[in-house]
Amino acid sequence: METKLIHEVRAVKSKKELANIIKAQRISEWVLQEAVKYLRDGVGELEVANFIKKSFVKFGAPILSFPPIVAFGKSSADIHHEPNGTKLKRGDIVMFDIGTTVNHYCSDMTRTYFWGEPNAKQKKIYLDVLKAQDLALNKVMQGERRAGVIDRTARNFLAKIYKNNFKHGLGHGVGTVIHEWPNFKPKSGDIIPAGCVMTIEPGIYLKGFGGVRIEDMYLITKNGCVNLTNVPKDLDNVIL
Ligand SMILES: [Mn+2]
């Protein structure tokens with residue numbers, strides 16, 4: 001018998017584990033919906049982040065995967081932004097990166113919105129990040145399982161337009177910890193196994209301007225993948 005490593009075994013989810021991840025994701029989606037409704041001119045990032053925490057409690061999932069990221073305007077250029085007193089104003093980018101746990105299994109999702117009609121540059125960045133996610137997704141659907149190749153598919157597309165402003169890995173495994181094996185990174189040698197749950201989350205971050213990240217969680221299957229995230233992300237759906 002061949003040996004395996006524990007991270008490889010842990011990556012492949014049972015039906016029960018998957019059900020927990022999906023439940024955590026559904027709850028995050030309810031919370032996201034409420035958070036979007038809570039937005040108004042002048043509301044602060046921290047106020048919205050606190051509202052998100054309260055909503056997770058209300059929906060019965062008070063143990064979060066990580067502290068909610070709420071970023072308005074230029075704050076969205078900061079990958080791991082800590083919500084502060086920044087107030088929402090028309091024309092701002094609004095980024096939410098949230099996740100919770102059910103029976104210790106995590107969920108993870110990022111959506112980027114526009115508070116009012118986005119300008120041409122905001123629109124272009126959004127559409128390019130969405131395209132990068134789609135290119136990576138198509139690779140997975142075509143059966144590509146080399147994490148490095150999948151990462152570079154999205155990365156090379158974005159690099160042609162935005163140089164090195166995609167400043168993190170394309171995605172990661174999700175389980176009882178929020179970042180687990182395998183990893184989509186440009187130099188990753190990981191081979192993605194069927195049955196694992198991965199995020200695909202390209203982003204572009206322009207200091208002094210703002211950023212866009214779009215993150216969905218996928219179940220990797222033998223022949224493709226299934227999106228576990230049920231939140232629209234077409235440009236029309238993200239203009240508030
Ligand atoms: Mn993530």
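## Proline 232

Proline 232 lies in the segment that follows strand 12 (225-227); strands (E, at least two residues) and helices (H or I, at least four) are DSSP runs, numbered from the N terminus. Proline 232 has 9 other C-beta atoms within 10 Å and is therefore exposed. On this scale, a residue is exposed if 12 or fewer other C-beta atoms, placed from the backbone, lie within 10 Å of its own, buried if 20 or more do, and partly exposed in between. Between proline 232 and arginine 111 the C-alpha to C-alpha distance is 9.1 Å, although 121 residues separate them in sequence.

## Basis of the model

This is a predicted model, in which local features need pLDDT of at least 70 and side-chain atom pairs count only at pLDDT 80 or more, while totals for chains, interfaces and linings use all residues. Residue numbers start from 1 along each chain as its sequence is written.

Three strands form an open sheet in the order 1-2-5, with antiparallel pairing; two strands pair if DSSP finds at least two bridges between them. Strand 1 (69-72) and strand 5 (109-114) each have a single partner strand and stand at the edges, so one side of each lacks a neighbour in the sheet. On average, neighbouring strands are turned by 10° against each other, direction ignored.

Strand 1 and strand 2 (residues 93-98) run antiparallel and are joined by four bridges. Alanine 71 has methionine 95 of strand 2 as its bridge partner, and isoleucine 69 has aspartate 97 of strand 2. Strand 1 is covered on both faces, with Ile69 and Ala71 buried on one side and Val70 and Phe72 buried on the other. Helix 3 (residues 45-58) lies across strand 1 and strand 2 and runs at about 150° to strand 1. Such angles run from 0 to 180 degrees between N-to-C directions, with axes fitted to C-alpha atoms, for helices over the stretch in contact.

## Packing of helices 4 and 5

Helix 4 (residues 120-141) packs against helix 5 (residues 147-162) at an angle of about 155°, and their axes are 8 Å apart. The two helices are therefore roughly antiparallel, a term for angles over 145 degrees.

The contact (C-beta atoms, placed from the backbone, within 7 Å) includes Asp128, Lys131 and Leu135 of helix 4 and Val149, Phe157 and Ile161 of helix 5.

Definitions and conventions. Angles under 35 degrees count as roughly parallel, over 145 as roughly antiparallel, 65 to 115 as roughly perpendicular and the rest as oblique. Two residues are in contact if their C-beta atoms, placed from the backbone, lie within 7 Å.
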